[in-house]
Amino acid sequence: MKKALFLLTVISCIAIQSFAQKQGKSKIDSLLSVLKTAKEDTAKVNKLNALADEFRNNDPDTALYFASQAQALSIKMNYKMGIANAYLTIGTALTNLGNYEKALKNNNDALTIYDQLLPIPIVIGTTGTEKTSVKTKILKQKARAYNIIGVDYSYLGNYPEALKNYFASLKISKEIGDKEYIANTCNNIGH
């Protein structure tokens with residue numbers, strides 16, 4: 001009975017992983033297809049950052065390539081959110097490559113820009129929901145930045161600084177009701 005249950009668990013894990021890989025490949029293929037004809041605007045920056053984000057864990061060098069393109073285009077257009085998101089993806093990729101000092105710099109640069117974007121100025125012609133949505137996106141990225149900074153400090157052996165950043169991430173995640181990131185941050189705190 002235990003062998004059958006173990007075998008069923010292994011087969012289920014393989015099936016789930018295969019499905020996730022197909023989904024990820026499909027998303028990557030879709031983003032690459034859109035980039036071929038994309039104009040140099042914020043939509044292209046967002047696609048480049050999304051593509052870099054897809055690669056950040058499994059192929060961090062490729063993530064660095066696409067995030068650097070997003071960053072260069074964002075700087076050219078002075079698109080602050082694009083710059084911050086590129087810094088964050090570059091920082092995450094560098095963390096995955098084990099370059100924690102350089103990762104910290106990029107993640108802190110992202111955090112600085114997210115702080116500059118808050119509070120969101122009132123824009124004539126937008127609804128309160130749109131402003132809230134943008135603010136929530138910024139706060140979500142800010143929580144992610146704190147969490148990754150915590151990971152960097154943890155790898156560097158600076159546990160008090162790691163915990164400080166994890167708790168900052170957790171506070172924001174709770175504020176915006178991001179249950180997935182609450183769990184992710186709590187997991188990091190537990191390590």
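**Aromatic pairs and the helical core**

Three aromatic pairs are counted by a rule in which rings of Phe, Tyr and Trp (its six-membered ring) pair if their centres lie within 6.5 Å, with planes under 30 degrees apart taken as stacked, over 60 as edge-to-face and the rest as tilted. The pair of Tyr65 and Phe66 is edge-to-face, because the ring centres are 5.0 Å apart and the planes stand at 75°. The model is a predicted one, in which local features need pLDDT of at least 70 and side-chain atom pairs count only at pLDDT 80 or more, while totals for chains, interfaces and linings use all residues. Residues are numbered from 1 along each chain as its sequence is written, and side-chain values use heavy atoms, with hydrogens and water left out.

Buried is defined as under 20% relative accessible area, exposed as over 50% and partly exposed as in between (1.4 Å probe, protein chains only). Phe66 counts as buried at 11% relative accessibility, whereas Tyr65 counts as partly exposed at 49%. A stacked aromatic pair is formed by Tyr100 and Tyr155, with 4.8 Å from centre to centre and 15° between the planes. Tyr100 belongs to helix H5 and Tyr155 to helix H6, so this pair ties together parts that are 55 residues apart in sequence. Tyr155 counts as exposed, at 54% relative accessibility. Phe55, Tyr65 and Phe66 form one aromatic cluster.

Turning to the overall fold, the protein chain has eight helices and zero strands, where helices (H or I, at least four residues) and strands (E, at least two) are DSSP runs numbered from the N terminus. Of its 191 residues, 38% count as buried. Contact means heavy atoms within 4.5 Å; among contacts with a separation of 6 or more, 54% come from residues 24 or more positions apart.

Helix H2 has 14 residues and reaches 20 Å from its first C-alpha to its last, close to the 20 Å expected at 1.5 Å a residue, the expected span being 1.5 Å times one less than the number of residues. Its buried residues are Lys44, Val45, Leu48, Asn49, Leu51, Ala52 and Phe55. They cover an arc of only 160° around the axis, which puts them on the same side of H2; the arc is that of the directions from the helix axis to the C-beta atoms.

Leaving aside neighbours within four places in sequence, Leu88 is in contact with Asn107, Ala110, Tyr114, Gln141, Arg144, Ala145 and Ile148. Arg144 lies in helix H6 and counts as buried at 10% relative accessibility. With the neighbours within four places again left aside, Arg144 is in contact with Asp53, Arg56, Leu88, Thr89, Thr92 and Tyr181. Helix H6 also holds Val151, which is buried with a relative accessible area of 18%. Not counting residues up to four places away in sequence, Val151 touches Thr95, Tyr166 and Asn188.
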